[in-house]
Amino acid sequence: MPELPEVEVVRRGLERWVAGRTVEAVEVLHPRAVRRHPGGGADFAARLRGETLGVPQRRGKYLWLPLAGRDLSVLGHLGMSGQLLVQPEGAADEKHLRIRVRFEDDAGTELRFVDQRTFGGLSLHETVEDSAEGLPDVIAHIARDPLDPLFDETAYHLALRAKRTTVKRALLDQSLISGVGNIYADEALWRARLHYERPTANLTRPRSAELLGHVRDVMNAALAVGGTSFDSLYVNVNGESGYFDRSLDAYGREDEPCRRCGTPVRRRPWMNRSSYFCPRCQRPPRVPS
């Protein structure tokens, strides 16, 4: 599933290509693509017609397009395979095209939502009162992400200590910190030399600050090269894949030598996923006797 860097790459593309444009018509081609919209496809299309899209925003893995002058936003979730593509009008339809948005101007491009597995979708929601960025009310519980200038490091550290969980679970807890998924959690933990089962209760303030720094560094590095793409399902708005997968130090490198010490990287099942780590650099926590 796309994490913060991948979603931010898409957000930046939407800002360039669709911000400020007025919707002429919307076609909903698959009902699951708007299943989170209470009124269904016809209502979604009717309510979006004639609206002008504002500057796209993002919190964690969620992105949205505020409607200019309205307390409404179009919330987008990419799910496992969702793509928001800007395509020339008249270009051949993608096999898994779910929603098409046409605009009133003569720019010659349209916005398409393509989703092979139909886990993602678009929906229209009211925004949180007094929210400067037009935050949709349904994601108000999502914490700020580590690249957000308003992210509160002190509050995060205190929450970590109080949570009494393990460090990777905490990194993936979107109510504590948003945008971090399995890939970038493993990468940040490798850089910090922390085992994924390390308890958060004994993380010192300097140690948690160091880990947070690694989270930011790995995400910024991924952003610089368009994110991580293991297949053709994640692409930017122009249909191009990111290539941070070439720079991964832990994730997906089972049995390959650790780039720091040469020990083979291991993979362990973890919460219906996998955790990749170096058994020498990231020693497991001691179990009390």
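**Notes on pockets, cavities and a helix pair**

1. Start with the second largest pocket, which is lined by Q57, R58, R59, W64, E133, R144, D145, L147, D148, P149 and L150. Its volume is about 170 Å³. Strand β2 (residues 57–59) is the top contributor to this lining, with 3 residues. By class the lining has 4 nonpolar, 1 polar and 6 charged residues. (Ala, Val, Leu, Ile, Met, Phe, Trp, Tyr, Cys and Pro count as nonpolar, Asp, Glu, Lys and Arg as charged, and the others, Gly among them, as polar.)

2. Before going on, a word on what you're looking at: this is a predicted model, where local features need pLDDT of at least 70, side-chain atom pairs count only at pLDDT 80 or more, and totals for chains, interfaces and linings use all residues. Residues are numbered from 1 along each chain as its sequence is written, and side-chain values use heavy atoms, with hydrogens and water left out.

3. On terms: with a 1 Å grid over the protein atoms alone, a cavity is a set of points where a 1.4 Å probe fits but cannot get out, while a pocket is an open set with protein on both sides within 12 Å along at least five of seven lines; lining residues have an atom within 4 Å of a point. Grid points are joined across faces, edges and corners, and a volume is the space filled by probe spheres set on the points.

4. The largest holds about 70 Å³, and its lining consists of L48, L53, L65, V74, L84, V101, L111 and L122. That makes 8 nonpolar residues, no polar and no charged ones.

5. The second largest cavity comes in at about 40 Å³. Around it sit E153, Y156, H157, R205, S208, A209 and L212. Two elements, α3 and α6, each give two or more residues to this lining, and α6 has the largest share, 4 residues.

6. (Axes are lines fitted to C-alpha atoms, for helices over the stretch in contact, and angles run from 0 to 180 degrees between N-to-C directions; helices are DSSP runs of H or I, at least four residues, and strands of E, at least two, numbered from the N terminus.) E153, T154, Y156, H157 and L160 of α3 meet R205, S208, L212 and R216 of α6, with contact meaning heavy atoms within 4.5 Å.

7. Finally, 24 salt bridges turn up in the whole structure (a side-chain nitrogen of Lys or Arg within 4 Å of a carboxyl oxygen of Asp or Glu). One joins D105 and R21, at 2.8 Å, N to O. D105 is in the loop between β6 (97–103) and β7 (109–115) and R21 in the loop between α1 (4–17) and β1 (23–28), so the pair ties together parts 84 residues apart in sequence.
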